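The following report describes selected local features of one protein model.

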Amino acid sequence: MKAVILAAGKGVRMGELTKNVPKPLLRIKDKNLLEYKIDALPAECDEIVFIIGHLGSKIREYFGSEYKGKRIHYVESEPLGTGYSLWQAKHLLSGDKRFMVMCGDDLYGSEDIKQCIIHPQAALVFKKEGVGSGGKVLVDSSGFIESIVEGSHAGEHIIAT
């Protein structure tokens, strides 16, 4: 199974922190965000596809062609949205039955990922109350995603991670 990690954004809200370092390489304690993410991947995931853009050469230099036994591929993309970036990697995914997509600047727990891959299709989300911004997930009565609405939201809602 492959993990596609979206790491092409500019990280403009981070200001000076991302002027010379791509946001996914920002460090928390002894690791960067990408290392935390890769270390949380299950054993079934043996390949990684990084979608890179802004300062992507630094990600390529840091990881090279493999990390802890997982083969790494790189795809360059303009920051034109998640769907566009994922489409740029279709040539690496066309023969695969399953793959997972992760945001380069989110942290994921290994148990949460394991629960997702049990199902043929799954999305990792969380419930939020109050005002906040992000991708609000709208589901139908069967629990299938109807749409994801970006923006500011109030009340109780489900947010995509």
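In this predicted model, Cys 45 counts as buried, because its relative accessibility is 0%, under the 20% limit for that class. Cys 103, by contrast, is partly exposed, with a relative accessible area of 25%. The structure holds zero disulfides. For Cys 45, the nearest cysteine sulfur belongs to Cys 116 and is 13 Å away. For Cys 103, the nearest cysteine sulfur is likewise that of Cys 116, at 13 Å.

| Residue | Relative accessibility | Class |
|---|---|---|
| Asn 32 | 0% | buried |
| Cys 45 | 0% | buried |
| Cys 103 | 25% | partly exposed |
| Gly 81 | 39% | partly exposed |

**Asn 32 and its surroundings**

Asn 32 lies in strand 3, which spans residues 31-32. Its relative accessibility of 0% is why Asn 32 counts as buried. A polar atom of the Asn 32 side chain is placed 3.0 Å from the backbone nitrogen of Leu 34. Beyond its neighbours within four places in sequence, Asn 32 contacts Pro 24, Leu 25, Leu 26, Arg 27, Tyr 62 and Phe 63.

**Helix 2**

Phe 63 is also one of the buried residues of helix 2 (residues 56-63), together with Gly 56 and Ile 59. Viewed down the helix axis, the buried residues of helix 2 fall within an arc of 55°, and they therefore line one face of the helix. An α-helix has 3.6 residues a turn, so residues three or four places apart point the same way. The packing partners of the buried residues in helix 2 are strand 1 (2-7), strand 3, helix 1 (33-39), strand 4 (47-52), strand 5 (66-67) and strand 6. Just after helix 2 comes Gly 64, with a positive phi of about 65°.

**Hairpin and loop**

Strand 9 (residues 132-139) and strand 10 (residues 145-153) run antiparallel and are joined by eight bridges. Val 137 has Ile 148 of strand 10 as its bridge partner. Five residues lie between the two strands of this hairpin, in which Gly 143 adopts a positive phi near 90°.

Gly 81 sits in the loop between strand 6 (70-76) and helix 3 (82-87). From Gly 81 to Leu 124 the separation is 43 residues in sequence and 19 Å in space, C-alpha to C-alpha.

Technical notes
Residues numbered from 1 in each chain as written. Predicted model: local features only at pLDDT ≥ 70, side-chain atom pairs only at ≥ 80, totals over all residues. Heavy atoms only, no water. Helix = DSSP H or I, 4+ residues; strand = E, 2+ residues; numbered from the N terminus. Buried < 20%, exposed > 50% of the residue type's maximum accessible area, 1.4 Å probe, protein only. Polar contact = N/O pair within 3.5 Å; in protein donor to acceptor, adjacent residues only side chain to side chain. Contact = heavy atoms within 4.5 Å. Disulfide = S-S within 2.5 Å. Pairing = 2+ DSSP bridges. Arc of directions from axis to C-beta.
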